[in-house]
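Hello,

Here is the structure I promised to pass on. Please open it first, then read my notes below.

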Amino acid sequence: ARTRWQSPDVEIITANVTCTSSLRRELESGVDLATATYILVQEHRLDAAAIDSASSWALNAGWRLLGDEAYFKVKALGGGTAVMSRSVGAARPAPGAKSLMRGRLSFVVADLCGDVLIGSAYGVSGGTCAQQLPLWKAIAVYVRTLGLPFIIGADWQCTPSDLEESGLPAL
């Protein structure tokens with residue numbers, strides 16, 4: 001399912017793509033994602049070399065892709081997050097974000113009437129709320145450290161009531 005946040009000048013869409021070929025097809029077709037200013041990508045499953053390749057096709061299509069490589073699950077790559085911005089200069093890498101949680105978090109800083117932190121997160125697939133807690137804490141500490149307003153889109157791997165009960169909003 002897609003989540004969409006919109007203001008008069010900015011539209012942010014989450015996209016859990018399971019692989020980048022589906023994201024690329026959607027971007028090329030001009031359907032659904034065509035009006036977005038930012039796309040928060042979860043589960044792209046790209047290693048470092050593939051991120052470079054995806055960044056090239058994204059640039060050719062008018063997007064900037066800033067992301068973190070996927071991690072290895074049993075026999076294949078899993079996870080991987082990215083933030084794509086419509087305009088190449090619209091976002092810059094957020095300081096220190098690469099070292100947070102490989103394949104689970106990507107952040108950029110965008111100028112939306114002042115700096116705003118925009119992030120994409122991917123929870124532990126099939127995990128319990130307790131297994132998601134390290135991710136949530138990393139997000140909370142990072143956001144608090146930068147002290148910027150923020151927007152985070154994610155595949156949280158739990159229900160909204162689970163998130164509320166976890167205490168994440170209070171972190």
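First, a term: two strands pair if DSSP finds at least two bridges between them. Helices (H or I, at least four residues) and strands (E, at least two) are DSSP runs, numbered from the N terminus. This is a predicted model: local features need pLDDT of at least 70, side-chain atom pairs count only at pLDDT 80 or more, and totals for chains, interfaces and linings use all residues. Residues are numbered from 1 along each chain as its sequence is written, and side-chain values use heavy atoms, with hydrogens and water left out.

Start with strand E3, residues 38-42. Strand E2 (residues 11-16) runs parallel to E3, joined by five bridges. Isoleucine 13 stands opposite isoleucine 39 in E3. E3 also pairs with strand E7 (residues 81-85), in the antiparallel sense, over five bridges. There, leucine 40 stands opposite valine 83 in E7.

Now the open sheet. Four strands form it, in the order E8-E9-E10-E11, with mixed pairing. Its edge strands are E8 (91-93) and E11 (150-155), each pairing on one side only.

Strands E9 (residues 105-111) and E10 (residues 115-122) pair in the antiparallel sense over seven bridges. Alanine 110 has valine 116 in E10 as its bridge partner.

Best wishes
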